[in-house]
Amino acid sequence: MNNFYRAWAGKNVVLLLFLCCQCSSLRPSQPPTQLDSPLTVAPNSYRLKPGDHLSIRNLSVVDGFLGVDEKSVLPEEFVTTVTSDGTITLPGIGRYQVAGCSRRELSDSLSAWYSPLLLHPVFDIQVTNLKVKVLGSTGIQGVIPIEEEVTSLGEVLARSAGIRFMEAGQTIHILRGRSHERQIIAFTYADLHDPQVLEHPIFADDLLYIPPSKKAIKSAATQKNYYIIQPILTAFNLTVIALNVIRYLR
């Protein structure tokens, strides 16, 4: 009899273990641990510092907003400045320390901070004070934004749509600093064949100037004079026509 109970108990223990294994396999797996910085950031990435001006765009799915008036909490795009204590003010959630973060790290942090209000929040961040001024014979003139505090001559030329060689002179000037401390670095077009010249560093707030050729300056001056004289010639011709019409009617 004892052997019977022992055999019965043994079979039931095996059955219970089998059922437990099956049930455990049907349980939902735990979500993976959320890392503070899930993406590796390059060590030379630009780090935010006091005085930086930030333009932050909210790329989150509008339909995913969790029951809060979106515009009253978080506009589609807003600007802010890193204060002297290294913090920024974020709409709807307050002040946070950001000095020393890369743009990618700040974007990931914003996603975490706004996760109670947004479903799958995503942000794009631009440091608007990182810029280079470009003037002269280039495809695009004006203020060119750059990604890092230091970029290259080739990158800036590419962002400004290249040199307009038909009207440009023979030199490229990089102006750095202000007033009496200004440094001028000059290259010729022949130097552009050297890859090291294209990798020459360009710093934020530098001025890249491509002087136009003398022929282009003369052509521009002639065209300007033409625009000044043309209205006078038009008025003179209209006057002559009017006088001829009056004389004919008499």
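## Exercise 1: The core

Of the 38 residues in the largest nonpolar core, Leu153, Ile172 and Leu208 touch the most other members. A nonpolar core here is a set of buried Ala, Val, Leu, Ile, Met, Phe, Trp, Tyr and Cys residues joined through side-chain atoms within 4.5 Å. Buried means under 20% relative accessible area, exposed over 50%, and partly exposed in between (1.4 Å probe, protein chains only).

Before you start: this is a predicted model, where local features need pLDDT of at least 70 and side-chain atom pairs count only at pLDDT 80 or more, while totals for chains, interfaces and linings use all residues. Residues are numbered from 1 along each chain as its sequence is written, and side-chain values use heavy atoms, with hydrogens and water left out.

**Task.** Find which residues Leu153 is in contact with, leaving aside its neighbours within four places in sequence.

**Solution.** 
- Step 1: set the cut-off; contact means heavy atoms within 4.5 Å.
- Step 2: list the partners of Leu153, which are Ile172, Phe187, Leu192, Val197, Leu198, His200, Ile202 and Leu208.
- Step 3: In soluble globular proteins, nonpolar side chains tend to be buried together.
- Step 4: zoom out to the protein chain, where 28% of the 250 residues count as buried.

## Exercise 2: The five-stranded sheet

**Task.** Work out the strand order of the open sheet of 5 strands.

**Solution.** 
- Step 1: know the labels. Helices (H or I, at least four residues) and strands (E, at least two) are DSSP runs, numbered from the N terminus; the protein chain has 6 helices and 12 strands.
- Step 2: apply the pairing rule, at least two DSSP bridges between two strands. The order comes out as E7-E6-E12-E9-E10, with mixed pairing.
- Step 3: pick out the edges, E7 (142-145) and E10, each of which pairs on one side only.
- Step 4: E9 and E12 (residues 207-210) run antiparallel and are joined by 3 bridges, and Leu175 sits opposite Leu207 in E12.

## Exercise 3: A helix across a sheet

**Task.** Which residues of helix H3 (residues 103-113) are buried, and what covers them?

**Solution.** 
- Step 1: go along H3 and pick out Glu105, Leu106, Ser107, Ser109, Leu110 and Ser111 as buried.
- Step 2: look at the cover, which includes strands E1 (53-58), E3 (87-90) and E5 (123-127).
- Step 3: zoom in on Ser111, which counts as buried because its relative accessibility is 18%. Apart from neighbours within four places in sequence, Ser111 contacts Pro121, Val122 and Phe123.
- Step 4: E2-E1-E5 is the order of an open sheet of 3 strands with antiparallel pairing, and its edge strands, E2 and E5, each pair on one side only.
- Step 5: follow E1 and E5, which run antiparallel with 5 bridges between them; the bridge partner of Arg57 is Asp124 in E5.
- Step 6: H3 lies across E1 and E5 and runs at about 140° to E5 (axes are lines fitted to C-alpha atoms, for helices over the stretch in contact, with angles from 0 to 180 degrees between N-to-C directions).

## Exercise 4: Val79

**Task.** Is Val79 buried or exposed?

**Solution.** 
- Step 1: locate Val79 in strand E2 (residues 77-81).
- Step 2: read the accessibility; Val79 is at 67%, so Val79 counts as exposed.
- Step 3: check the contacts. Not counting residues up to four places away in sequence, Val79 touches Leu54 and Ser55.

## Exercise 5: Aromatic pairs

**Task.** How many aromatic pairs are there?

**Solution.** 
- Step 1: state the rule. Rings of Phe, Tyr and Trp (its six-membered ring) pair if their centres lie within 6.5 Å; planes under 30 degrees apart are stacked, over 60 edge-to-face, and the rest tilted.
- Step 2: count by this rule, which gives 3 aromatic pairs.
- Step 3: take Tyr96 and Trp113, with ring centres 4.0 Å apart and planes at 20°, so the pair is stacked. Tyr96 lies in strand E4 (residues 94-97) and Trp113 in helix H3, so the pair ties together parts 17 residues apart in sequence.
- Step 4: compare Phe165 and Tyr189, an edge-to-face pair at 5.3 Å centre to centre with 75° between the planes. Tyr189 is buried, with a relative accessible area of 12%.
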